[in-house]
Amino acid sequence: MKTVRLTMSQALVRFLAAQRVERDGVQHRFFEGCFGIFGHGNVTGVGQALAEEPGLLTYYQGRNEQGMVHAAAGFARMRNRLATLACTSSIGPGATNMVTGAAAATINRLPVLLLPGDVFASRRPDPVLQQLETPGRGDVSVNDAFIPVSRYWDRIQRPEQLVPAALSAMRMLTDPADTGAVTLALPQDVQAEAFEYPEEFFSERVWNIARPTPDASLLDRAAQMIRVAKRPLIIAGGGVIYSQATESLAHLVKRSGIPVAETQAGKGSLRFDHPGALGAVGATGTLAANRIAAQADLVIGIGTRYSDFTTASKTAFQNDAVKFINVNIASFDAGKLGGLPLVGDARVAIEALDQRLQGWAMDGAYRAECEQLRQEWDREVSRLYDLRHGPLPAQSEVIGAVNELSGPRDVVVCAAGSMPGDLHKLWRTRDPKGYHVEYGYSTMGYEIAGGLGVKMADPKREVYVMVGDGSYLMMAQEIVTSVQERMKLTIVLVDNQGFASIGGLSRSKGTAGFGTRYRYRSAGSLGDDAAHSDGEALPVDMATNAEGLGAHVFRAKSVEELRDALVAAKKIDRTVVIHIPTDRYEGVPNYDSWWEVPVAEVSKSPEVVKARVEHERASTRRRWHL
Ligand SMILES: Cc1ncc(C[n+]2csc(CCOP(=O)(O)OP(=O)(O)O)c2C)c(N)n1
Ligand SMILES: [Mg+2]
């Protein structure tokens with residue numbers, strides 16, 4: 001057996017560079033690079049290996065380890081999970097900064113490989129700088145915090161242990177049902193230790209991403225259930241997009257007349273103007289989708305994990321006879337809501353159902369009803385795009401301007417605040433990859449970092465990052481990375497002076513927006529969010545901050561100025577930030593939807609008591625779906 005003497009880190013970098021993925025006969029690299037912030041715990045191990053063979057794995061310098069992981073996840077999502085980036089960190093805080101990113105990646109089922117440095121395996125110099133000591137356990141470090149947020153976790157205590165660990169890591173990363181964050185914790189001494197690795201470990205290895213077919217008899221049963229349904233509804237989730245099943249879906253819908261509603265991750269499954277496209281469903285759903293969902297007698301979930309936003313906390317489906325068919329690559333999700341599980345690839349399943357449904361189609365009345373609702377909804381979107389609210393514009397007008405001035409293949413990116421719900425309802429999608437809202441974890445701070453990953457994954461598209469002031473203040477630093485890498489982003493910074501989303505939620509539950517507005521503390525009005533609260537505004541200038549980070553900045557005061565800035569931004573090749581103030585109290589309404597948030601059962605406040613009564617009344621609509 002031929003061997004080659006390398007350090008564990010050198011072996012790891014070589015291995016990562018040799019991993020390839022194939023689906024539908026198309027083959028390419030799996031790791032397109034490695035983000036890293038160096039410190040003790042990776043500078044002389046993984047850092048040395050990356051520096052020695054720079055041609056193997058492109059190195060990208062991050063600003064915050066959390067941002068690196070978000071960028072890797074954004075990249076992986078844009079590439080339909082067929083490629084990703086690795087992330088290396090130092091020990092201690094560098095490592096734990098990645099935990100939030102890991103959770104976001106795992107919840108969204110996006111492959112990212114995390115390589116946190118770890119304390120010495122030898123333990124001789126303990127405790128080293130940044131080492132957490134646990135008196136009753138010798139084998140615990142802060143990297144154990146990655147265990148619950150990783151799909152695969154290992155600590156490489158000896159250099160040869162890399163061989164099985166790296167193969168297990170790849171198996172998990174390339175499994176569409178189980179993918180997510182994979183963490184290989186790398187004790188810093190082991191990173192630098194040499195071993196005679198078998199040469200074969202470094203040969204190109206192709207990981208085939210299969211398209212498994214669901215069980216044939218269950219497909220027959222599903223087709224039978226669809227044939228007898230009077231009001232079927234498809235709910236398209238992220239799985240439709242990852243499986244590149246959007247054309248197959250459009251074909252099935254056009255032919256059969258079954259309408260489609262979309263989850264956050266599934267938005268873009270159909271163009272917004274496709275007949276039968278009812279748009280967003282659930283807590284942030286459209287009137288069209290939510291009305292049809294309420295009466296549906298059969299829900300066909302495809303690639304969805306049925307989050308509470310999708311099911312409106314299990315109040316979306318009110319038909320007593322409603323049944324579910326769940327197409328999902330993960331059996332865990334296929335079994336939800338007591339549905340008939342079709343475990344397999346979304347595209348294969350859709351095509352198999354389409355074939356079994358040949359000669360069958362929905363009756364014209366249901367199609368016409370859905371189409372009328374779709375058109376009604378489209379008029380509502382136009383109304384909100386053109387609200388002309390003043391003196392400060394409404395957020396819906398900002399969404400309208402960005403939608404109308406972006407190209408059909410451009411990508412909108414968002415994650416937290418009031419914007420994701422508004423985008424879910426209002427964004428007119430024109431391309432399956434044109435809508436990128438991280439709503440599995442809804443991580444404040446994902447927006448700019450994730451947008452950077454999207455741009456790196458497909459530099460030919462313009463990337464529009466919609467970020468609230470709160471998310472911006474949490475993590476804007478990757479603007480610097482976007483400038484450094486010449487990865488232009490157009491960032492629309494929506495400034496409504498605080499957490500408008502949570503302020504609205506708090507007010508609706510009787511707690512007056514407590515702690516959600518940027519105001520100086522003043523007697524009797526700590527964090528009060530009443531429209532005329534007397535607190536003085538803070539001297540914070542986020543536009544100037546963005547300029548300081550290297551962005552080209554526009555300060556828009558109105559929707560017209562925003563439109564001018566969006567046009568001007570197209571000619572600028574550096575990251576642009578357009579700052580626009582909006583009215584924090586002018587929100588997009590809810591359309592026949594609910595979201596379960598608990599309200600205090602006892603309180604001195606009459607508003608809270610009232611909200612509790614309303615909560616209990618609304619809770620009676622919850623269903624079990626067993
Ligand atoms: C890291 C993180 N912390 C807290 C939250 C809870 N949260 C959701 S939205 C929000 C406020 C977001 O403020 P901003 O970005 O200004 O958007 P807006 O609500 O004003 O639209 C908060 C605190 C979160 N989603 N993520
Ligand atoms: Mg805000």
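Which residue forms a salt bridge with D345, and how far apart are the closest N and O atoms? The partner is R211, and the closest N and O atoms are 2.9 Å apart. The legends below describe this pair and other sites.

This is a predicted model, in which local features need pLDDT of at least 70 and side-chain atom pairs count only at pLDDT 80 or more, whereas totals for chains, interfaces and linings use all residues. Residues are numbered from 1 along each chain as its sequence is written, chains are lettered from A and ligands numbered from 1 in the order in which they are written, and side-chain values use heavy atoms, with hydrogens and water left out.

**View 1. The salt bridge between D345 and R211.** A salt bridge is defined as a side-chain nitrogen of Lys or Arg within 4 Å of a carboxyl oxygen of Asp or Glu. Helices (H or I, at least four residues) and strands (E, at least two) are DSSP runs, numbered from the N terminus. Both D345 and R211 are buried. Buried means under 20% relative accessible area, exposed over 50%, and partly exposed in between (1.4 Å probe, protein chains only).

**View 2. The salt bridge between D24 and R347.** In this pair the closest N and O atoms are 3.7 Å apart. D24 is in the loop between β2 (19-23) and β3 (26-29), while R347 is in helix α14 (residues 346-356), 323 residues apart. D24 is partly exposed, with a relative accessible area of 42%, and R347 also counts as partly exposed, at 23%.

**View 3. The salt bridge between K488 and E462.** Here the closest N and O atoms lie 3.4 Å apart. K488 is in the loop between α20 (478-484) and β21, and E462 is in the loop between α18 (446-457) and β20 (463-468), 26 residues apart. K488 is buried, with a relative accessible area of 7%, whereas E462 is partly exposed at 22%. Elsewhere, salt bridges that share partners join D24, R211, D345 and R347 into one network. The whole structure contains 31 salt bridges.

View 4. Polar contacts are pairs of N or O atoms within 3.5 Å. A nitrogen atom of ligand 1 is 2.8 Å from a polar backbone atom of S442, and an oxygen atom of ligand 1 is 2.9 Å from a polar backbone atom of S471. A polar side-chain atom of S501 lies 2.6 Å from an oxygen atom of ligand 1.

**View 5. The magnesium ion (ligand 2).** The ion is coordinated by D469 (OD), N496 (OD1) and G498 (O), at 2.0 to 2.5 Å. Donors are N, O and S atoms within 2.8 Å of the metal (3.2 Å for Na, K and Ca); water is not among the atoms, so sites may look incomplete. D469 lies in helix α19 and N496 in the loop between β21 (490-495) and α21, so the pair ties together parts that are 27 residues apart in sequence. D469 is buried at 0% relative accessibility, and N496 is buried at 8%.

Terms used: Polar contact = N/O pair within 3.5 Å; in protein donor to acceptor, adjacent residues only side chain to side chain.
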